[in-house]
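Student: I would like to learn how to read disulfides and cores. Can we go through them step by step?

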Amino acid sequence: MRKLILLASMALAAGLAPAAIASAATTESASDVQIQAGPTAQQLLAKVASCKQISNGKYKTDTETGRTIAVCDAGQAVFWKADMDVDCDGQVTAKCNKNTDPWFQPDTAFHRSDGKPLVADQTPYIVVPSVSSTWNYQSSGLKGAGSCAVIYNNKVLYTVIGDTGPTAIIGEASYATAAGLGINPDPKNGGVDSGVTYICFKNSKVSPIESKSAATSTGENLATKFVNS
């Protein structure tokens, strides 16, 4: 407040009109105030502390590991706690192509608003396992462009459901998701072996699917309702 009074006094001394003073005050206050939008990582993790398993069995994190990861119900959301493998599938870019990623595929299960595949190094998205007898993500209220919160190392990133993967493996997200969480996004040797929580909100949709700002605003709104439920 004292900063604003000082600003007004200086402006009057300089002969500025009241409207100019108000404009300056608004600019000053807007730059000074940082608003925390959406819950903290701790608040979200507290809501998924225990698992009500809905998957028919468990998933592997990689082809060579055992089946240890369950999909759990949490009322307004479903969640799993796993590793993160890096998905570079989608449109060809300098970071995501057959040379940078031996498993690269030039398509994603769900497409952008222009009809083209997603861009893995631009759009934070996660991968859900393709439908199988273990779990059908659609029957849990999830769909392409659905809103998800991904948590790692006390950081929350809001993403979309952008691709589907192997029926036996869970724990995969796009290059942009890994990078946004401070995880090595290299599709060959990046990712992390554990410590990632994926929370996907039921019957949700981010539009357009490729918009980071829409993913963030939608996710923050749903996450707030989730922790308050």
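Tutor: Start with the term. A disulfide is a pair of cysteine sulfur atoms within 2.5 Å. In general, a disulfide is a covalent bond between the sulfur atoms of two cysteines. Next, the ground rules. This is a predicted model, where local features need pLDDT of at least 70, side-chain atom pairs count only at pLDDT 80 or more, and totals for chains, interfaces and linings use all residues. Residues are numbered from 1 along each chain as its sequence is written, and side-chain values use heavy atoms, leaving out hydrogens and water.

Student: How many disulfides does the structure hold?

Tutor: Three. Count the bonded cysteines along the chain, and the pattern is 1-2, 3-4, 5-6.

Student: What is the handedness of the link of Cys51 and Cys72?

Tutor: Left-handed, with -95° about the S-S bond. The two sulfurs sit 2.0 Å apart. This pair links distant parts of the chain, 21 residues apart: Cys51 is in the loop between α3 (41-47) and β1 (52-53), and Cys72 is in strand β2 (residues 72-73). Helices (H or I, at least four residues) and strands (E, at least two) are DSSP runs, numbered from the N terminus.

Student: Is Cys72 buried or exposed?

Tutor: Learn the cut-offs: buried is under 20% relative accessible area, exposed is over 50%, and partly exposed is in between (1.4 Å probe, protein chains only). Cys72 has 3% relative accessibility, so Cys72 counts as buried.

Student: Which handedness does the link of Cys148 and Cys200 have?

Tutor: Right-handed, with 100° about the S-S bond. Cys148 lies in strand β5 (residues 147-152) and Cys200 in strand β8 (residues 192-201), 52 residues apart. Cys148 is buried, at 0% relative accessibility. Cys200 is buried too, with a relative accessible area of 0%.

Student: Now the cores. Which residues have the most contacts inside the largest nonpolar core?

Tutor: The general idea is that in soluble globular proteins, nonpolar side chains tend to be buried together. A nonpolar core is a set of buried Ala, Val, Leu, Ile, Met, Phe, Trp, Tyr and Cys residues joined through side-chain atoms within 4.5 Å. The largest one here has 41 residues, and those with the most contacts inside it are Trp80, Met84, Ile126, Trp135, Ile161, Tyr198 and Cys200. Strand β3 gives the most to this core, with five residues.

Student: What does Ile126 touch?

Tutor: Contact means heavy atoms within 4.5 Å. Not counting residues up to four places away in sequence, Ile126 touches residues including Trp80, Cys148, Tyr198 and Cys200.
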